[in-house]
Amino acid sequence: MTTGPFVAIKDVAKRWNGQLGVEGITLDIPEGSFTALLGPSGCGKSTTLRLLAGLELPDEGKIFIDGKDVTTSAASDRNLSMVFQSYALFPHLSVAENVVFGLKVRRVPKLERQKKLHRALEITGLLGYEDRKPGELSGGQRQRVALARAIVAGQRLCLMDEPLSNLDAKLRNSVRKDIKKLQRDLGITVVYVTHDQTEAMSMADTVVLMKDGHIQQVGPPEELYNKPNNTFVAEFVGAPAMALISSDGLSGFEAGQRLGIRAENIQIVPKGEGRLTCTITESEFLGSETLIGLDHAHATGLCVLKSGMALMPEGDTIDITFTDEHLHVFDASGQRIATQT
Amino acid sequence: MKRFGNFMDSFGAILLAVIWISPLLFAFWAATHSTSDAVNLRLFSPWTMDNFIVAWNGAPWLKYFINTFSLVTVILIGQFILVTLAGFAFAQLQFPGKDFVFILVLMQLFILPEVLIVENYAMVSRLGLFDTILGVGMPYMASAFGIFLMRQAFKGVPIELHEAARIEGCGLLGILWRVYVPLAKPTYLAYALVSVSTHWNNFLWPLIVTNSPETRPLTVGLSIFGAPENGVDISVISAATLMSVAPLLIAFLIFQRQFVQAFLRAGIK
């Protein structure tokens with residue numbers, strides 16, 4: 001066991017022909033943790049992962065894995081495995097050959113290869129599929145082959161690049177649990193790239209939220225949810241996302257400030273008693289509750305949750321209220337103001 | 001009007017096919033009959049195999065067959081090696097002057113090989129490969145067509161597979177051998193086909209660069225066998241011709257379907 005973080009990225013930057021890739025990425029990842037790189041497309045999360053994998057080389061900064069400086073090492077020397085978005089299974093090889101591809105390249109003896117193959121297929125529930133070609137498998141099965149290939153060598157670091165985006169919604173939920181369980185059981189360190197905040201929030205120990213090549217906030221999911229660093233984090237994390245109200249719409253705040261409020265902290269009150277009067281724009285029945293979208297001149301993304309089936313007619317006006325303790329205050333540049341009353 | 005068009009299409013196709021195959025049919029006819037019967041087209045004259053026996057004893061055919069076979073094999077192996085490496089470099093590697101070099105390679109496609117005969121002759125002599133199988137094959141090994149074909153095939157391989165192999169610990173040549181080459185199999189097959197049939201039939205260059213029966217391929221052997229100074233016997237020459245083309249012809253007939261599929265698949269990629 002080494003002291004210090006298992007993976008350390010220090011001030012890494014990568015630019016393409018002057019265009020921004022990522023800039024000033026500094027990140028520590030402890031061993032055995034599940035870290036999600038989250039952000040909208042083009043935010044640099046995949047670039048960060050590729051830098052870590054060694055598929056790209058950084059223009060600035062250093063990368064350490066397990067205490068070793070791997071900044072300029074080849075991908076094959078970094079002792080990691082990777083799951084690609086498209087799975088990247090070799091179409092001309094059978095499931096078994098795909099899984100042991102890396103072991104074969106690294107000249108692992110045949111007997112050991114067999115043993116590891118069996119174990120990996122067992123874990124991923126693929127026993128009996130050894131001789132199939134990837135083309136004969138369903139999307140979910142291919143995904144599991146990719147996972148089996150990632151775990152077969154017993155690498156301690158596994159990188160995943162949006163591994164669930166090609167699966168349908170139902171399968172995605174179950175595979176999500178499988179991956180999480182796999183990571184815990186094997187005690188491996190996973191760095192997981194996704195644009196889906198639900199995935200990141202539900203799986204990760206640490207979420208790294210990125211935008212335009214910069215890290216916006218690093219922390220456990222609840223921290224991003226409860227204490228967003230800035231308005232971007234506030235609006236990206238959570239479903240529904242946090243509503244933002246400009247201080248013009250509320251009394252008692254400085255000009256230019258913006259106030260964030262989560263839907264679950266908003267109550268509907270009788271006319272005349274609320275702090276804001278809004279127009280209903282939509283009602284969305286979610287099953288256990290109904291999401292009611294609201295429109296207000298000084299607010300964006302305002303909505304409120306009502307339990308059960310409670311559709312409300314569009315165009316009606318209602319009054320809402322909330323307490324100051326639930327408000328997140330952001331300054332004019334969008335940064336969180338720490339001191340709250 | 002449309003039906004007439006269809007009729008013309010079929011008619012044209014059949015006409016072309018007949019024109020195409022008639023020399024072969026005549027050769028078959030002539031080879032299996034005595035000379036006078038063949039020339040006078042006596043339809044009910046008796047069949048005979050004598051011409052084949054006469055032809056076979058008239059020249060060292062077995063040696064010619066072996067020569068042609070080794071020639072196309074040597075060329076194909078050389079081509080596969082060069083074309084694979086060059087195609088991979090042009091498809092996946094970055095090096096200064098890549099585009100310029102690629103254009104130079106493509107320019108080879110515009111030049112008829114016959115134009116270069118003198119230059120090739122001089123080169124093969126300088127290398128001391130005159131009158132050897134390797135010397136006959138060498139000028140054709142760095143095939144621009146093959147390099148272009150392979151480059152296209154390799155470009156069609158998804159980059160993720162390349163990256164996955166890299167992460168799994170493959171070196172550059174390992175990736176080429178384990179990922180690119182197997183995925184380009186249909187292209188290799190199609191290319192092998194073109195190469196083998198071209199060089200099986202190649203005549204002018206081997207005629208110039210070979211000097212002895214030890215290295216002479218079938219085509220050259222056949223033309224010497226059929227040369228006027230040996231006396232023209234149409235039946236015997238036809239028999240010899242049939243023997244020369246038979247291996248290729250039989251292979252094509254047997255593997256017809258695979259060949260067509262190989263071309264289709266190589267095209268789709």
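**Core and helix**

User: Leaving aside its neighbours within four places in sequence, with which residues is Tyr192(A) in contact?
Analyst: The model is a predicted one. Contact here requires C-beta atoms within 7 Å. Once neighbours within four places in sequence are set aside, the partners of Tyr192(A) are Phe34(A), Thr35(A), Ala36(A), Leu37(A), Met160(A), Met203(A) and Ala204(A).

User: Which residues of the largest nonpolar core touch the most other members?
Analyst: The largest nonpolar core holds 112 residues. Those that touch the most other members are Val99(A), Leu159(A) and Tyr192(A).

User: Which element gives the most to this core?
Analyst: The core draws at least three residues from each of domain 1 (7-233) and domain 2 (241-330) of chain A. The element that gives the most contributes seven residues, and it is H5(A).

User: How far apart are the end C-alpha atoms of helix H5 of chain A, and what span should its residues give?
Analyst: Helix H5 of chain A covers residues 139-152, which is 14 residues. At 1.5 Å a residue, these should span 20 Å. The end C-alpha atoms agree with this, as they are 20 Å apart.

User: How many residues of H5(A) are buried, and what covers them?
Analyst: H5(A) is mostly covered, with eleven of its 14 residues buried. Among the buried ones are Arg142(A), Leu147(A) and Val152(A). Their cover includes strand S6 (80-83), helix H2 (95-99), helix H3 (101-105), helix H4 (110-124), strand S7 (157-161) and helix H6 (169-186) of chain A.

User: Which residue just after H5(A) takes a positive phi?
Analyst: The phi in question is about 75°. The residue that takes this value just after H5(A) is Gly154(A).

Note on methods. Residues are numbered from 1 along each chain as its sequence is written. Chains are lettered from A and ligands numbered from 1 in the order in which they are written. This is a predicted model: local features need pLDDT of at least 70, side-chain atom pairs count only at pLDDT 80 or more; totals for chains, interfaces and linings use all residues. Helices (H or I, at least four residues) and strands (E, at least two) are DSSP runs, numbered from the N terminus. The expected span of a helix is 1.5 Å times one less than its number of residues. A residue is buried if 20 or more other C-beta atoms lie within 10 Å of its own, exposed if 12 or fewer, and partly exposed in between; C-beta atoms are placed from the backbone. Two residues are in contact if their C-beta atoms, placed from the backbone, lie within 7 Å. A nonpolar core is a set of buried Ala, Val, Leu, Ile, Met, Phe, Trp, Tyr and Cys residues joined through C-beta atoms within 7 Å. Domain bounds come from an automatic or database domain assignment.
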